[in-house]
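Biologist: I am new to this structure. Could we go through a few of its residues together?
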Amino acid sequence: MGKKPEMGKWLLYQFFYRNKDIRPYLPETRKYSHAAFRDMLNRYRSLYVKPVAGSQGKGIIKVWRSANGRYSVKKTTLAANTFTRVDEVIRRIDALRGGKMYIVQRGIDLAKVHGRPMDIRVMMQREKPGGRWLYSGMLAKVAGPGSVVTNTALSRGTVMDVPPALTKALGWSRERADRVAKRLESLGFVWARHFDTYQLYRELGFDVAVDTSGRIWLLEQNTAPSHALFKRNKANLAAYRRIQYRWGAFERARRNQAREKGKAKGRVKSKGTTVPRL
Ligand SMILES: Nc1ncnc2c1ncn2[C@@H]1O[C@H](COP(=O)(O)OP(=O)(O)O)[C@@H](O)[C@H]1O
Ligand SMILES: [Mg+2]
């Protein structure tokens, strides 16, 4: 485990795109270039421009068309700048990008809790190496003030349980919110199993968006998802405890398997010798 390199956001998109069952959940994504950016800016109301090798929301830029036909550019929690011409927008992005490789992605109109965008972390784990996937929990990450990313540390956001977040954000009944949460749980299995065709990880955390019309989008996947995030969800510490328990169970199973392997090797070695095993 942990032998293949992390894919980065561009390879990850292409990897998920190959799966026909997953493709409908992916917002259109291209490698950032001026041509790709211009093309997508013509077709979508907002775009996210993200570093291929980024995490924790760092370096993420949102671009959208403002009411007066101007363009706004906003990096993470910084103030937005507005421009009238696309070349000015591009110049600004390139300055913020600092030569790093980026992707450009269709912006999803995230559901909002008290005016703040939210998305959802779905946590999947195994209890032993090569074991089946288990669903461990999910929570809603609500962006802090003035942030275009929901990552809690960077945006100073908050976390909450998913069904109440969905009822608040979308005016849904509790039944509908529960149904969608169940749907996200079953999608977690589909996505995690597809990821196994790349490499078997011990846990995976999916960032999932629900847009203002209730549509589900897969934004990204994390191979080292935070446990501390779940500790912050005081309304549901059972999920955090489950995550910790499974991490420990995996650790014990891994050590046992290593010990068994060691013993097996020992037996092979002593085969054919006259040294008695004491
Ligand atoms: N296409 C998008 N539309 C709307 N919000 C997005 C989009 N992409 C990212 N975000 C927001 O930015 C956050 C960070 O993006 P993500 O792709 O998860 O990068 P990171 O690896 O830095 O966490 C997401 O959790 C979400 O809140
Ligand atoms: Mg993320």
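Biologist: Where does histidine 114 lie?
Modeller: In this predicted model, histidine 114 is in the loop that runs between strand S7 (112-113) and strand S8 (116-125). Its phi is positive, about 50°, although the residue is not a glycine.
Biologist: Is histidine 114 buried or exposed?
Modeller: Histidine 114 counts as exposed because its relative accessibility is 68%, and the cut-off for exposed is over 50%.
Biologist: And arginine 156, where is that?
Modeller: Arginine 156 sits in the loop between helix H4 (152-155) and strand S10 (158-160). It has a positive phi, near 55°. With a relative accessible area of 70%, arginine 156 is exposed.
Biologist: Changing topic: why does arginine 246 count as buried?
Modeller: Arginine 246 counts as buried because its relative accessibility is 13%, and buried means under 20%. This arginine belongs to helix H8 (residues 237-270).
Biologist: Which side chain does arginine 246 join in a polar contact?
Modeller: The side chain of glutamate 127, at 3.2 Å. The arginine 246 side chain also reaches the backbone oxygen of tyrosine 135 at 2.9 Å. Leaving aside residues up to four places away in sequence, arginine 246 touches residues including Gln125, Arg126, Leu134 and Ser136.
Biologist: Finally, which residues of helix H1 are buried?
Modeller: In helix H1 (residues 8-17), these are Lys9, Trp10, Leu12, Tyr13, Phe15 and Phe16.
Biologist: What covers them?
Modeller: Among the elements covering the buried residues of H1 are strand S1 (29-31), strand S2 (46-51) and helix H6 (174-196).

How values were computed: Residues are numbered from 1 along each chain as its sequence is written. Chains are lettered from A and ligands numbered from 1 in the order in which they are written. This is a predicted model: local features need pLDDT of at least 70, side-chain atom pairs count only at pLDDT 80 or more; totals for chains, interfaces and linings use all residues. Side-chain values use heavy atoms; hydrogens and water are left out. Buried means under 20% relative accessible area, exposed over 50%, partly exposed in between (1.4 Å probe, protein chains only). Helices (H or I, at least four residues) and strands (E, at least two) are DSSP runs, numbered from the N terminus. Contact means heavy atoms within 4.5 Å. A polar contact is a pair of N or O atoms within 3.5 Å; within protein, one must be able to donate a hydrogen and the other to accept it, and residues adjacent in sequence count only if both atoms are side-chain atoms.
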